[in-house]
Structure formats: structure tokens, C-alpha cells
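Trainee: Please show me the model, and then let us go through it by question and answer.

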Amino acid sequence: MAAGRLPPSALTLKQFLRRQQVLQLYRKILRAIREVPAEADRQYLKDWAREEFKRNKDATEEDAIRMMITQGNMQLQELQRTLKLAKS
């Protein structure tokens, strides 16, 4: 491969940054799930999150990905609010 040339499968900067956003969201969701007190609920939520991310891993349309990230962030906020209420 010549210097300065990327392999055909290399991500663009925009794709790379979007991928980082998705991974960051996934990690945040898993961290929040660790706070769920009941083991069965924790396992259910972990399986649900894993399936959702797997189901959408081949998405390539920029608008769809952005929408899914927004929805994921809203669901994460809802989970965090629910956990906060449960602790108080």
C-alpha cells in the first residue's frame, strides 16, 4: 500500500466520530444498568441493550444513526431518573 493511502474499509473521520458516540452511549448504558438493584432486571436490561445495538450495527444512513443515538440517550436518561427515584 502506498504511503498516504487508506485501505478501502477505513472509516472516514465523520464515521469514526459517530462510531465513538455509539460506543460511548453503549458504555454509559451498561454502567447505568449496573446500578439496577435486582439481578433479573439487570440481566434483562443488559440483554435488551446488547440486542438493540446488535440489531442496528449495520446501519449506515447518517440520519437514522443520529436518531438512534438520540433515542438511546433519552432512554439512558429515563433509566437514570428511574434509578435515582428508586434510591430516594
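**Salt bridges, fold and charge**

Mentor: Arg81 and Glu78 lie three residues apart in helix α3, so about one helical turn separates them. This is a predicted model, in which local features need pLDDT of at least 70, side-chain atom pairs count only at pLDDT 80 or more, and totals for chains, interfaces and linings use all residues. Residues are numbered from 1 along each chain as its sequence is written, and side-chain values use heavy atoms, with hydrogens and water left out.

Trainee: How far apart are the closest N and O atoms of Arg81 and Glu78?

Mentor: A salt bridge is a side-chain nitrogen of Lys or Arg within 4 Å of a carboxyl oxygen of Asp or Glu. Arg81 forms one with Glu78, and their closest N and O atoms are apart by 2.9 Å.

Trainee: Is Glu78 buried, partly exposed or exposed?

Mentor: Buried means under 20% relative accessible area, exposed means over 50%, and partly exposed lies in between (1.4 Å probe, protein chains only). The relative accessible area of Arg81 is 47%, which makes Arg81 partly exposed. Glu78 has 42%, so Glu78 counts as partly exposed.

Trainee: Which residues do salt bridges that share partners join into one network?

Mentor: One of the pairs is Glu62 and Arg66, whose side chains meet in a salt bridge (3.8 Å, N to O). Glu62 and Arg66 are four residues apart in helix α3 (residues 62-87), so about one helical turn separates them. Through shared partners, the network consists of Arg18, Glu62, Asp63 and Arg66.

Trainee: In which helix do Arg50 and Asp47 both lie?

Mentor: The side chains of Arg50 and Asp47 meet in a salt bridge (3.3 Å, N to O). Arg50 is partly exposed at 32% relative accessible area, and Asp47 is partly exposed at 34%. They are three residues apart, about one turn, and both lie in helix α2 (residues 39-55).

Trainee: How many salt bridges does the count come to?

Mentor: The pairs include Arg50 with Asp47 and Arg81 with Glu78. By the 4 Å rule, the count comes to eight.

Trainee: What pattern does the protein follow along the sequence?

Mentor: Helices (H or I, at least four residues) and strands (E, at least two) are DSSP runs, numbered from the N terminus. The protein has three helices and zero strands. Read along the sequence, the pattern is α-α-α.

Trainee: Why is the protein more spread out than a compact globule?

Mentor: The C-alpha atoms fill a box of roughly 60 × 20 × 20 Å along the principal axes. The globule rule is 2.2 Å times the number of residues to the power 0.38, and the radius of gyration is taken over C-alpha atoms. For 88 residues the rule gives 12 Å, so the protein is more spread out than a compact globule, being well over that value with a radius of gyration of 17 Å.

Trainee: Which helix gives the most to the positive patch?

Mentor: Arg19, Arg27, Lys28, Arg31, Arg34 and Lys46 gather in a surface patch of positive charge. Such a patch is made of residues with over 30% relative accessible area and no salt bridge, like charges being joined within 9 Å. Arg27, for one, is partly exposed at 41% relative accessibility. With four residues, the most comes from helix α1 (residues 13-33).

Methods:
Patch = residues over 30% accessible without salt bridge, like charges linked within 9 Å, V, L, I, M, F, W, Y side chains within 5 Å. Areas by Shrake-Rupley, 256 points an atom, 1.4 Å probe, with all protein chains shown as cover. Lys, Arg positive; Asp, Glu negative; His and termini not counted. Charge placed at Lys NZ, Arg CZ, Asp CG, Glu CD.
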